[in-house]
Amino acid sequence: MRHRANTFFHSFADRLTPMTFTLLCLIISFLFNSWRPIEVSAAGTEDNRIWNNGVAVQDEVMLELLHFRQADARWASVGMGVSQKSIGEYGCALTSLAMYATNIGVDTDPERLNLMLGDDANPVEWEAFAAELGYRLTHKEDSIDLHNKLVSKEYVEDTVVRSLSEGKPAIIGIWNSESYWTHFIVAYGYRYEDGNYVIYVRDPSVNNDYQTLDEIDPVWAYYRLVVLGE
């Protein structure tokens, strides 16, 4: 087989003019030397783009959801669950979940969601909310989990962008490594700008009023990630 292949090659080469043969060799050399594999990062991105199921996600996604404030006078003093801690002071998780609920068509607000969840309103029992509406948790990660991935900023942001590209907001829990306070926000959109993804959030608090994840001080770390799906 090798002899026949070599015979074919020499027969083909003999039929070419010297100039044509030289040009063909130059083209082959150029193609060989200019080829290089596509560099893809460990996070599954090319040129910092995020991929989902083998396809690069769209450059921009903005999902619709209402923006509630936990300190709103209509419910700020309302007690939650068994603890009866007030929504205004401790209801960032409940208020974030109420915002999330409006995206999936639930007519609610922090006060009404508090009544619906009852004892599961504080601390929020995410599974109880999902079960009430016939949903399931596609993501529920906690910093206390074994092999915790939330220590990786890239992992969290990649997961959030992929979820948003599928039409699902993400509830993000953060904790302050100095004061040990915790807080919750909702990611509702992103935009690809200058090789990076800007992730937009709704903050139930008026103290910080974060607009994007990039605005959050590094003293805050990710400690919970919740996404619902049908």
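A polar contact here is a pair of N or O atoms within 3.5 Å; within protein, one atom must be able to donate a hydrogen and the other to accept it, and residues adjacent in sequence count only if both atoms are side-chain atoms. This is a predicted model, where local features need pLDDT of at least 70, side-chain atom pairs count only at pLDDT 80 or more, and totals for chains, interfaces and linings use all residues. Residues are numbered from 1 along each chain as its sequence is written, and side-chain values use heavy atoms, with hydrogens and water left out.

**View 1. Glu-166 and its polar partners.** Look for Glu-166 in the loop between α7 (153-165) and β8 (170-176); helices (H or I, at least four residues) and strands (E, at least two) are DSSP runs, numbered from the N terminus. The side chain of Glu-166 has a polar contact with that of Asn-52 (2.9 Å), and another, of 3.0 Å, with the side chain of Lys-168. Glu-166 counts as partly exposed because its relative accessibility is 43% (buried is under 20% relative accessible area, exposed over 50%, partly exposed in between, with a 1.4 Å probe and protein chains only). Val-61 sits 105 residues from Glu-166 along the chain, yet their C-alpha atoms are separated by 9.3 Å.

**View 2. Asp-142 in strand β7.** Here's Asp-142, part of strand β7 (residues 136-142). With a relative accessibility of 6%, Asp-142 counts as buried. Its side chain makes a polar contact with the side chain of Arg-224 (2.3 Å). Leaving out neighbours within four places in sequence, Asp-142 touches Asn-148, Leu-150, Tyr-223 and Arg-224, where contact means heavy atoms within 4.5 Å.

**View 3. Thr-95 inside helix α4.** Thr-95 belongs to helix α4 (residues 92-103). Its relative accessible area is 0%, so Thr-95 is buried. Not counting residues up to four places away in sequence, Thr-95 meets Phe-68, Arg-69, Gln-70, Ile-87, Pro-110 and Pro-204.

**View 4. Where α4 meets α5.** The axes of α4 and helix α5 (residues 110-117) come within 9 Å and cross at roughly 100 degrees (axes are lines fitted to C-alpha atoms, for helices over the stretch in contact, and angles run from 0 to 180 degrees between N-to-C directions). That makes α4 roughly perpendicular to α5, a label for angles of 65 to 115 degrees. On the α4 side, Leu-94, Thr-95, Leu-97 and Ala-98 make the contact, and on the α5 side Pro-110, Leu-113, Asn-114 and Leu-117.

Notes:
Angles under 35 degrees count as roughly parallel, over 145 as roughly antiparallel, 65 to 115 as roughly perpendicular and the rest as oblique.
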